[in-house]
Amino acid sequence: MSPERAGEPAGIYVHLPYCRSRCGYCAFVVTTDVSARAEYFSALAREIQILRTEAEGARFDSIYLGGGTPSFVSTEEMASLLGSLHRSFGIVPSAEVTIEANPDDVGPDSGETWASLGVNRISLGVQSLIDSELAAVGRRHDASGARRALENLARTGLSLSADLILGLPGQTAESFAESVEEICRYGVTHLSVYLLETEKSKTIEEDRRQHPERYLSDDEQADAWLALGERLGRAELGHYEVSNWAIPGREARHNLKYWRRVPTLGLGVSAHELWRGRRRANVSALPGYLTALAEGRRPVALDNPIDEDEAAREEIVLGLRLSEGVPWSEIQSWLASHPDPALEEDLESWQEAGLLTRHDGRLRLTERGFLVSNEILCRFV
């Protein structure tokens, strides 16, 4: 493990790329062709065995099945995968085990079935509770399907997270607020809200260029974002990361590892990892992934060591994404080793503008600062 976090349990991410259909805004590595799915799960089993030796002696307290649509795979496939992970790695009994799910995969007994496999946390891709907004980006489920899924999962006692998107075509500040209000009534313990990245979809970007009136302006999105925080605060969901709110104690344990630079293994096509002071990424093409593992080697496309300077930069850039911020001493050390009068002036002006705050020896983004976090974080280069 990397020496700075060697005492903390690590995490495991597994990418399952299969989807019934592709959403209009999706920029992830996914496929709707299931013809090689059995071969893919066999390749995952081989990758687990390769990593088993490298991870010997490590403890893990989180497993995250992402995608793609993990809820789309069969119970037998999921049981086999989770069983292999538990047999091969030192996973603690209290580990957080998360699967991402689409509402149309959630039936009356889905929560109980997943719980029987050891899953204790569901991340549900709701995105909106307005039919026209869902249809505009090609979501397969409608609002009533999302409500049924929320109801089915809420009564299982599993930790329930939901995703929403701000900035969908045709969305208004009022319709977004309606989705937020309704989500709060289902008792979710965690909510992730993402801004629609129109530039990642040629179709949506072209639609926005031709029909700008269908999209919230930057100022309207900012107002909706700030109103969101106020509403979630009344529901006792704290804003702990740029895009994430949670009931205290229900923060995403696995995702916190990324922002705190705790070691994580990454399995599956396009998966990324931080392990023993190196950042690695698997190939993003499914044929290349399958071929490499059939030949008995890891399908790595990127394998870079992290030097002291890069580690210091990551600590700041990732740490400032969290509401807890970073120690001011880390900022001072960075400025001492990277003299930049313009950055020093910017840090002062951002504090004067109420975008950053210093308290108890830590530098933090404010609620307004979260809105322009990319502009602030990109200055640490």
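Which strand holds tryptophan 245? Tryptophan 245 lies in strand E8, residues 244–246. Helices (H or I, at least four residues) and strands (E, at least two) are DSSP runs, numbered from the N terminus. The model is predicted, so local features need pLDDT of at least 70 and side-chain atom pairs count only at pLDDT 80 or more, while totals for chains, interfaces and linings use all residues. Residues are numbered from 1 along each chain as its sequence is written, and side-chain values use heavy atoms, with hydrogens and water left out.

Stay with tryptophan 245. At 1% relative accessibility, this residue counts as buried (under 20% relative accessible area; exposed is over 50%, partly exposed in between; 1.4 Å probe, protein chains only). Its C-alpha atom is separated by 6.4 Å from that of serine 192, 53 residues apart along the chain. Contact means heavy atoms within 4.5 Å. Leaving aside neighbours within four places in sequence, tryptophan 245 is in contact with residues including Thr189, His190, Leu191 and Val193. Trp225, Leu228 and Tyr240 are also among its contacts.

Now turn to strand E1, residues 10–16. Of its 7 residues, 7 are buried. Both faces are covered. Ala10, Ile12, Val14 and Leu16 lie on one side, with Gly11, Tyr13 and His15 on the other. E1 pairs with E2 in the parallel sense over 7 bridges; strands pair if DSSP finds at least two bridges between them. Within this pairing, isoleucine 12 stands opposite isoleucine 63 in E2.

E2 spans residues 59–67 and includes aspartate 61. Aspartate 61 is buried, with a relative accessible area of 13%. Not counting residues up to four places away in sequence, aspartate 61 touches Pro9, Ala10, Val92, Ala95, Glu96, Arg253 and Lys257. Lys257 belongs to helix H9, residues 253–260, where His254, Asn255, Leu256 and Trp259 are buried as well. Just after H9, arginine 261 takes a positive phi of about 60°.

Next, the cores. A nonpolar core is a set of buried Ala, Val, Leu, Ile, Met, Phe, Trp, Tyr and Cys residues joined through side-chain atoms within 4.5 Å. The largest has 70 residues, and Phe60, Leu85 and Phe89 have the most contacts inside it. Leucine 85 touches Ile12, Val14, Ile48, Ile63 and Ile91, residues up to four places away in sequence not counted. Apart from this core lies another, of 20 residues, among them Val317, Trp328, Ile331 and Leu343.

Helices H12 (residues 328–337) and H13 (residues 341–352) come next. Their axes come within 10 Å and cross at roughly 155°. Axes are lines fitted to C-alpha atoms, for helices over the stretch in contact, and angles run from 0 to 180 degrees between N-to-C directions. H12 and H13 are therefore roughly antiparallel to each other, a label for angles over 145 degrees. Ile331, Trp334 and Leu335 in H12 meet Leu343, Glu344 and Leu347 in H13. By class, this contact has 5 nonpolar, no polar and 1 charged residues.

The last stop is an open sheet of 3 strands, ordered E13-E15-E14 with antiparallel pairing. E13 (326–327) and E14 are the edge strands, each pairing on one side only. Strand E14 (residues 356–359) is joined to strand E15 (residues 362–365) by 4 bridges. Arginine 358 stands opposite leucine 363, and histidine 359 opposite arginine 362. The hairpin of E14 and E15 has 2 residues between the strands, and there aspartate 360 takes a positive phi near 55°.

Terms used. Angles under 35 degrees count as roughly parallel, over 145 as roughly antiparallel, 65 to 115 as roughly perpendicular and the rest as oblique. Ala, Val, Leu, Ile, Met, Phe, Trp, Tyr, Cys and Pro count as nonpolar, Asp, Glu, Lys and Arg as charged, and the others, Gly among them, as polar.
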